[in-house]
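Subject: Structure handover

Hello,

Here is the structure I said I would pass on. My notes come after it.

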Amino acid sequence: MSPIERVAVLGAGTMGAAIAAHAANAGLRVLLLDVVPGELLPEEEEKGLSLEHPEVRNRIVRRGFERIKKLKPPAFMSAAAERLVELGNLEDDLGRLHDADWIVEAVIEDLEVKRRLLARVETVRQPGSIVTTNTSGLPIARLVAGRGDDFRRAFFGTHFFNPPRYMKLLELIAGDDSDPRAVAALRDLAERRLGKGVVRAKDSPNFIANRILSVHGAFIAAYALERGYAVEEVDAVTGPLIGRPKTATFRLQDLVGIDVTHHVARNLYRLIPDDPHREVLAEPRLTEVVGTLLERGSLGNKTGRGFYRRRRDDDGRTVYDVIDLESFDYRPARPVRFPSLAAVAGIRDLGRRLKTLFAEEHRDDRGAQLAWAAVAHLLAYAASCAPQVAYDLPSVDRAVRWGFGYQAGPFELWDLLGVEATRARLEEDGYAVADWVEEMLAAGCDAFYRRRDGQLAGCYDLERRSYVEIERDPRRIRAAELRARGRELDRNPGASLCDLGDGVLLLDSRRRALDGDVIAMLERARARLEDDAHVGLVIARGEGKDFCLGANLRSMLGALEQGHTEAIGAAGAWLQNALIALRDAPKPVVAAVHGMALGGGCEIALGVDRAVLAAESYLGLVEAGVGLLPAGGGLKELVRRLLVPAMQTAENDPLPAARRILELAATARVSSSAAEAREMGFLGPQDRIVMNRDHLLHEARREVLQMVADGYAPPPPAPLYAGGRDLYAALKIAVWSLEQAGYASAHDALIGDRIAYVVAGGDLSAPRWVDESWFLTLERRAFLELIQTDKTQARIQHMLATGKALRN
């Protein structure tokens, strides 16, 4: 298949525009088209425009594009990605589809509308191009009926989950005539460049994730209504407690839209006449509740009220009331106090927590009963419909995890609970267990998955009725699997050092905070780079949600309260020296960054040779937010990256670059993506962005090996520009102006002044070039000055108390 570089998206609605944005995030050139308006708007008539004017003809697509540009959280990763999208309409620009390698139809979810458009697409597309429909459940076979052979081979379904940038799941649905090479080509693009987790689904109603979760969500709601549970009780039980997102059940309905879930349920009921579980979609009491909400216009988040109502309290804070499911009046949410929930509150392991929750002693507890019903139905229903919707069990589990944020898919969860024991209780409580599960157990297969060397090795196959090997992505490397396979070389309570393969070391932090254990392991890793057995180092946090959230403020504040100011200064110097040692190492050091890299985490990414970042990485020097400034080399690195290049040319003005650094540090601004971090100046041209988080360690290792192949040598020491007194004075004026305009408090102005002082290189009487130790000393002194102020200490205490700062 030809490489996919040019994409055309048909339909600039919510999904179409968002798909176009994410394709542009991947660096693909995108043509976004929508229909031509049939009538003029009053403002267009006032301007004397006609229906033939280009501004009018592209109005619908332009508005869709402008809407997606303003979306929060943002659909685009950078301003550069926005510029990759061209706009047009389905009349004047349809012929431009001939240039597209991949055409994505994403118009309204109506079978006949889609079929008519696809017939037009067939007349202009180039042979060999891929055509897909973005649908959440329309039959692929019916959509492509009547099209020619070449079109049928090029056509299949792509079900993106909303929002496409952030939701990992992409379901691919091949038709009977789809060319496997076309499906494989798009799968590779989706995984490698769009960062997706791809699941192949059968051409069945609502495919995998929406089929299972639509029926399952209706079951929980109906079960709760029948037994008199309150809205807040249901969401307290069916969220993180049982390994699901905080949106749980009713918050999820509000998020998706009660009208949308009602429409999906009604359509699905009609499409699955042979599914014995479908009756819950039309359960009378649930239908009555949903109908009442629809009549009142209570559609969820988009109307400000649904199962929850958003309002402001007397102090101006946003609060959420819940609906009383009998009276339909809103009231404040009440505390949920089921004894069983309190009994398992401290158990972090999901399997152990649920086994404890479902123990005999909690059988009469209403919280445990609801939790068991939710889990039991998911397991039973997933097993019931798996053969109809999926080609294998991992596809079901991945679809549920990636599409809805569950901690474990249904068959993974069943394994955690014990298959035989859970089967027995399901049958005892009246849940039908699929025949194939009974056959599996009777054949001596006691689990859905097999493990080897700490990783999944096989799964039960529905057709072969035996275990088969699981297809593994060689680009997916997990630190936990390295440890399980005996490749851990060193460890302490906060970090471990592993063999990543090919002579590359992996420092895997197990802490969100940058503390003494992590810094000590940085030093031990640096020492190993002196031997011949290792060629380089990758620094990562393999298992955590974020790379590093900065220093441990609680321990820092504790040291200060005990009068150990010198210990805080020594800790700052320790980090600075560890990063300098890594920069001077004889072998390359690469930071593999994902999620948040704040404060000290950002300084690690700035301080090593290179960074390889997951696209969803959020970098920022945020110390000003807690009343401090960066003291691990962050300001020094921004001077090196932004100010020094500007001053390589004689007579250049240092102020614009210096003000940019001041703004980044004083406002504690955090990038909304790795691409924006590059635009902000945190990344250099040599730093790489990886769209798929699962491939991060693989790509970081590749980067180390490429640097070695290119003849890596540590960078020679280079002087930094210190503007001195005049630059400091100019920066002080900028800080003073913000304070006078009311944009900064007196303490914020003090923080800004100290940042300005460091960025200027102090109050030198004249500009000069200095070594990096000069700036590092200024950072430490200013940091110690600020942390000893009452206002900074009060700010740290407040943030710790309210949970807005890291608690380790």
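Predicted model: local features only at pLDDT ≥ 70, side-chain atom pairs only at ≥ 80, totals over all residues.

Residues are numbered from 1 along each chain as its sequence is written, and side-chain values use heavy atoms, with hydrogens and water left out.

Whole chain

The protein chain holds 34 helices and 23 strands; helices (H or I, at least four residues) and strands (E, at least two) are DSSP runs, numbered from the N terminus. Its C-alpha trace spans about 85 × 75 × 65 Å along the principal axes.

Of the 808 residues, 55% are buried. Buried means under 20% relative accessible area, exposed over 50%, and partly exposed in between (1.4 Å probe, protein chains only). The chain exposes about 34600 Å², and carbon and sulfur atoms supply 50% of that area; accessible areas come from the Shrake-Rupley method with a 1.4 Å probe, and for residues only the protein chains shown count as cover. Among contacts (heavy atoms within 4.5 Å) between residues at least 6 apart in sequence, 68% join residues at least 24 apart.

Cores

A nonpolar core is a set of buried Ala, Val, Leu, Ile, Met, Phe, Trp, Tyr and Cys residues joined through side-chain atoms within 4.5 Å. The largest one has 119 residues, and F307, F411, W414, W436 and F448 touch the most other members. Helix α17 (residues 366-389) gives the largest share of this core, 17 residues. Apart from it lies another core, of 89 residues, which includes V593, Y721, A734 and L786.

Beyond four places in sequence, W436 touches A383, P387, L393, F411, F448, Y460, L462 and R465.

V593 sits in strand β19 (residues 589-598) and is buried, because its relative accessibility is 0%. Outside four places in sequence, V593 is in contact with F547, A605, V612, L613, A614, S617, L619 and L696.

R211 belongs to helix α10 (residues 209-227). With a relative accessible area of 6%, R211 is buried. Among the residues that R211 touches beyond four places in sequence are D275, Y381, C385 and V389.

R610 lies in strand β20 (residues 610-620) and counts as partly exposed, because its relative accessibility is 25%. Contacts of R610 beyond four places in sequence include V589, V590, A591, D687 and E703.

Surface

L255, V256 and V260 form a nonpolar patch on the surface, with about 230 Å² of accessible area together. Patches are made of residues with over 30% relative accessible area and no salt bridge, with like charges joined within 9 Å and nonpolar side chains (Val, Leu, Ile, Met, Phe, Trp, Tyr) within 5 Å; a salt bridge is a side-chain nitrogen of Lys or Arg within 4 Å of a carboxyl oxygen of Asp or Glu. V260 is in helix α13 (residues 258-271) and is partly exposed, at 34% relative accessible area.

Regards
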